[in-house]
Structure formats: structure tokens, C-alpha cells
Amino acid sequence: YRMSAQQMLKVFVTRRIPQEGMKILQKAGMCNLSVWDSDEPVPRAELLKGVAGAHGLLCLLSDKIDAEVLYAAGPNLKVISTLSVGFDHLAINEIKKRGIRVGYTPDVLTDATAELTVALLLATCRRLPEGVEEVKNGGWSTWKPLWLCGYGLSGSTVGVIGLGRIGLAIARQLKPFGVKRLLYTGRQPKPQAQEMDGEYGKKRQEISDFVVVSCSLTPDTQGLCDKTFFCKMKKTSIFINTSRGAVVNQEDLFGALSSGQIAAAGLDVTTPEPLPTDHPLLTLKNCVVLPHIGSATYSTRGVMSELTANNLLAGLTSSEMPSELKL
Ligand code: NDP
Ligand code: DGY
């Protein structure tokens with residue numbers, strides 16, 4: 001059954017998204033789709049314009065969805081579906097107040113993101129970008145006993161900040177490298193940690209060789225990794241963040257890296273994104289920065305797009321969402 005033009009529900013999509021999701025939206029035959037047809041983020045003014053009167057909003061983590069956007073959308077708005085598992089860009093209280101439902105993409109990106117975290121950790125602790133650079137710039141003169149040495153995982157202690165879906169997957173993927181102890185922090189102990197003899201506790205960075213941040217960004221975790229935090233880490237330890245940039249105080253991280261307080265850092269997320277090319281962190285050899293590519297495999301992004309579209313349709317038709325964020 002096809003809807004008449006008047007019955008069609010207005011949907012604003014804030015970016016070009018993988019075709020898997022677009023096909024689902026088009027096939028549904030109930031959406032009057034308006035797409036910000038670009039690979040770049042929608043400018044704020046266009047977002048405010050595009051969302052006016054919309055029943056559904058499909059957004060990305062680069063779109064800040066706050067009271068102003070909700071006001072601009074008006075009372076039709078039933079559902080916001082974000083192409084991400086992180087939802088710190090959504091003003092949840094404002095959304096909840098208006099009875100709007102939210103869809104997101106947990107689980108489908110867990111393995112890809114954990115794998116990227118492991119790749120970043122290894123690249124950082126074994127100094128891969130530095131090595132690649134030396135090969136290209138002629139710095140490789142001969143095999144030298146202590147040249148480009150780093151720190152390995154075998155026999156190490158790994159501390160995970162936030163043992164959620166991704167944190168747990170990271171721990172599982174790291175274990176076969178010979179990790180001896182797994183420590184983790186969080187709001188409460190996780191039964192799933194038992195399979196790896198995970199030890200729960202606060203402030204465990206003192207004894208960790210690797211500190212891996214995989215928590216969500218909340219008022220509690222904002223700026224969690226600051227000077228006090230880094231001062232407690234070992235001088236030989238490695239810091240990895242694939243959660244959100246704002247969990248880290250970047251000035252304090254720069255201080256810790258440049259003073260030798262910690263050995264190295266690998267970041268997939270920064271504030272802001274993109275990180276300006278003249279940012280002090282980029283002058284450091286012991287800091288590896290990636291452009292937020294945790295979930296970036298073709299198949300994962302395709303599945304995320306599908307799930308985002310299906311969440312949106314379920315919201316529009318008031319049916320059960322494949323992945324609804326409980327507000
Ligand atoms: P989960 O909700 O499963 O995990 C988040 C974890 O953070 C939970 O275990 C939560 O604990 C924990 N947490 C909350 N507050 C604190 C705190 N104060 N201290 C320590 N831990 C805390 O989400 P996912 O694992 O699916 O995703 C985690 C985050 O990873 C996302 O929110 C997103 O920001 C980021 N991400 C980044 C990607 C990238 O491309 N780099 C890709 C995908 C996600 P509790 O269970 O007790 O609430
Ligand atoms: C998310 O989903 O929150 C990531 O940051 C991108 O996949």
C-alpha cells in the first residue's frame with residue numbers, strides 16, 4: 001500500500017549515507033526524503049531549515065541536536081535516528097521531554113571498533129608510524145639494538161576505562177596477545193568480565209601498562225583523563241582513546257607526553273574533530289592520531305546505515321525499533 005502525497009512523512013537526512021540505508025528508506029514508500037546531499041556536515045542554518053516540520057530526523061555524530069533544533073523541527077518530530085552508537089551529540093533530556101524516540105547503532109560496530117583499537121594500540125606501543133616515516137626519510141641506517149624499541153603486550157597489565165560492549169570486545173581481542181592482568185573501571189562490576197578474570201576497581205591506572213578508554217562521554221567522564229589521571233600512570237605506559245575526545249584533557253595529555261610522564265598515546269578521537277593540523281599533539285612523535293575511523297569498514301558502515309534506516313522507519317510507524325535507546 002502506497003501513501004498519498006499528503007500522507008507521506010517528512011524525513012530529513014543530514015548527510016549522504018551508505019546506499020544500504022537510503023534504499024530501505026526509498027523502498028518504504030512512506031517518506032518524503034530530503035537529504036543534505038554532501039559528504040560534509042550540514043551547516044547549522046541548513047539543519048535548522050531542513051528539519052522544519054520533519055517527522056523523522058536521520059543524523060550523524062557531527063550534528064548537535066539540541067533544544068534549538070527540536071524547536072526548529074516543531075511538534076511533528078517523532079523519531080531521531082543517529083548513525084552512531086554514541087549519543088553525546090543528542091540533548092537527551094530535551095528529546096525525552098518532547099516524547100521523541102531515539103534509534104542508534106549498538107553492537108553492529110563493536111567488533112570493527114575493537115579491532116581498530118587493537119590496531120591503534122599496537123601501532124602506538126610498537127611505534128609503527130615512526131618506523132614507516134624513518135624508512136621513507138632515510139633515517140633507517142642499519143639494524144640497531146635499541147632503535148625504535150617500544151612496549152609489547154605479552155605479560156602486560158591492561159586497564160580498560162568503561163567495559164561496555166566495545167570495552168569488553170577490546171579485552172577479548174587483546175587477551176590472546178598474552179595480557180596477564182585485565183583491570184577495568186566503570187559504574188559497577190560487569191559479570192562478563194569474569195571470563196577473563198577481569199578485576200574491577202577505581203583508579204587502576206597506577207599499575208596498568210596500557211590504559212584503554214572505551215567509555216561513553218557523559219558529564220561524569222568529561223575531562224576524566226586529566227593531569228591528575230596521567231600523573232598516576234607509569235612512565236612506561238601507553239594511553240589509548242577510542243571513545244570521545246572530550247574524555248581527555250588534551251593540554252594535560254600534551255604535558256604528560258612531552259614531559260615523559262607517560263610513554264605514548266594513540267587517539268582515534270579528539271577535540272575538536274578534525275584536529276587542527278597545527279595542534280601541539282601533532283608535533284609529538286609519541287602521539288598517534290587517527291581521524292575517528294573506529295567503525296570504518298565497508299560492511300560495518302553498510303550495516304550501520306541499514307540499522308539507522310530501520311530504526312527511523314520503526315519510529316515513524318510507531319512500531320518496535322531494532323535498536324531503540326531507552327530514554
Ligand atoms: P556501552 O554503553 O556498551 O559502553 C560504555 C561503557 O562506559 C559502559 O560500560 C558504561 O558503564 C561505561 N561508563 C559510563 N560511565 C563511566 C564512568 N564514569 N567511568 C567508567 N566507565 C563508565 O557503549 P559501547 O561500548 O557500544 O560504546 C562506547 C563508546 O565508544 C560510545 O559511546 C562512543 O562514544 C564510542 N565509539 C567510538 C567509535 C570510534 O569510531 N572511535 C565507534 C563506536 C563507539 P555502565 O555499563 O555501568 O553504564
Ligand atoms: C559511534 O558510532 O559512536 C562512532 O563514534 C562512530 O561509529
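Analyst: One term before we start. Ala, Val, Leu, Ile, Met, Phe, Trp, Tyr, Cys and Pro count as nonpolar, Asp, Glu, Lys and Arg as charged, and the others, Gly among them, as polar. Also, this is a predicted model.

User: Which residues surround ligand 2?
Analyst: Leu61, Ser84, Val85, Gly86, Thr105, Leu109, Gly294 and Ser295.

User: Zooming out. How many helices and strands does the protein have?
Analyst: There are 10 helices and 12 strands in the protein.

User: How is the protein divided into domains?
Analyst: Domain 1 takes 9-107 + 298-325, and domain 2 takes 109-289. Their C-alpha centres are 32 Å apart.

User: How many residues from each domain make the contact?
Analyst: Domain 1 gives eight residues and domain 2 gives seven. On the domain 1 side, three are nonpolar, three polar and two charged.

User: Now the strands. In what order do the seven strands of the open sheet run?
Analyst: The order is β8-β7-β6-β9-β10-β11-β12, and the pairing is parallel.

User: Which are the edge strands?
Analyst: β8 (199-200) and β12 (287-289). Each of these edge strands pairs on one side only.

User: And what joins β11 to β12?
Analyst: Three bridges, with the two strands running parallel. β11 covers residues 264-267. Leu267 sits opposite Val289 in β12.

User: What holds paired strands together in general?
Analyst: Strands of a sheet pair through backbone hydrogen bonds, either parallel or antiparallel.

User: Back to the start of the chain. How many bridges join β1 to β2?
Analyst: Five bridges join β1 (residues 9-13) to β2 (residues 31-35), and the strands run parallel. Val11 stands opposite Leu33 in β2.

User: Last topic, overall size. What box do the C-alpha atoms fill?
Analyst: Roughly 75 × 45 × 30 Å, taken along the principal axes.

User: What does the radius of gyration agree with?
Analyst: The protein has a radius of gyration of 22 Å. A compact globule with 327 residues would have one near 20 Å, so the value for the protein agrees with that.

Note on methods:
Residues numbered from 1 in each chain as written. Chains lettered and ligands numbered in written order. Predicted model: local features only at pLDDT ≥ 70, side-chain atom pairs only at ≥ 80, totals over all residues. Pairing = 2+ DSSP bridges. Helix = DSSP H or I, 4+ residues; strand = E, 2+ residues; numbered from the N terminus. Near = placed C-beta within 6 Å. Domains from an automatic or database assignment. Contact = placed C-beta atoms within 7 Å. Rg over C-alpha atoms; globule rule 2.2 N^0.38 Å.
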